[in-house]
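Dear colleague,

Please read them with the structure open beside you.

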Amino acid sequence: MSNKDNKDISRRDFLKTTGIATGTLIGGGLIGGLIGYNSNKMAMPTKSPNTTNNTTNKTAQTSEGKMFFTTDKDFNIIASATERIFPKDDLGPGAIDLGVPYFIDRQLAGQYGSNSKEYMQGPFESGLPTQGYQSRLTRAEIFRQGIEKLDTEAEQRYKKSFTDISDQERDVILTAFQKDEVKMQGVTASFFFNLLRSATLEGAYSDPLYGGNRNMEGWKMKGFPGHQMSYINVIEKPEFQKIEPRSLGMH
């Protein structure tokens, strides 16, 4: 089997196994997803940003405004990290082209970032893996610290910013976070990595109303029809039906 075939199968398998993310979003955030936290604060994007990224070494610079990130450096670090988690390939766009960094930016600026709907009083113990959120830090604080640590690790290991190192070097750093090999304050590195991975997948598959999944490209890759008003015209047809996706903003 060729390398290209291996690559395609790997990407397809990933899209299949991340189906739980799509299902979760439809169900309204059953595993603590981001959707719903900011539904009262968010406005639908008025236009598609002029994204020109072709590789993960390019940043997510667009003319679209940001709500949480105050510096391009921090925004581009999180953009580079999400692109390594959900990279662009010949099967479809990656996190940057899907607008995932902007999705995360908007979520961190709202109730998701401030944990405003969660009990956030002590005591704070390590807890078991099944006990969920145990940090005194809000998600916004965890992301700020995580971004700083990503850049610090890149400087210590490669003498460059996280946005300037190669994809392979970024993978080394992200893997170190996943394996808890990086020291963070008030939270583990693996917790931050899992938070970042979940936010990346939700940004790739959520309704475009929330800033990610631009042009519904995430849904198109999975063959997900989005939010249809009705299936009454096709429900009894024996052959397989390919339905163009529709977002909440199209009704």
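A residue is called buried when its relative accessible area is under 20%, exposed when it is over 50%, and partly exposed in between, with a 1.4 Å probe and protein chains only. This is a predicted model, in which local features need pLDDT of at least 70 and side-chain atom pairs count only at pLDDT 80 or more, while totals for chains, interfaces and linings use all residues. Residues are numbered from 1 along each chain as its sequence is written, and side-chain values use heavy atoms, with hydrogens and water left out.

Phenylalanine 68 and phenylalanine 69 are both buried. Rings of Phe, Tyr and Trp (its six-membered ring) pair if their centres lie within 6.5 Å, and planes under 30 degrees apart count as stacked, over 60 as edge-to-face and the rest as tilted. The whole structure holds eight aromatic pairs. In one of them, the ring centres of phenylalanine 68 and phenylalanine 69 are 5.1 Å apart with planes at 85°, so this pair is edge-to-face. Phenylalanine 69 and phenylalanine 75 are also edge-to-face, because their planes stand at 70°, with centres 5.7 Å apart. Phe68, Phe69 and Phe75 form one aromatic cluster with Tyr102.

Phenylalanine 75 counts as buried, at 1% relative accessibility, and the charged end of lysine 66 sits over its ring, 4.9 Å from the centre (this requires NZ of Lys or CZ of Arg within 6 Å of the ring centre and within 35 degrees of the ring normal). Lysine 222 likewise lies over the face of tyrosine 205, at 5.4 Å from the ring centre.

With kind regards
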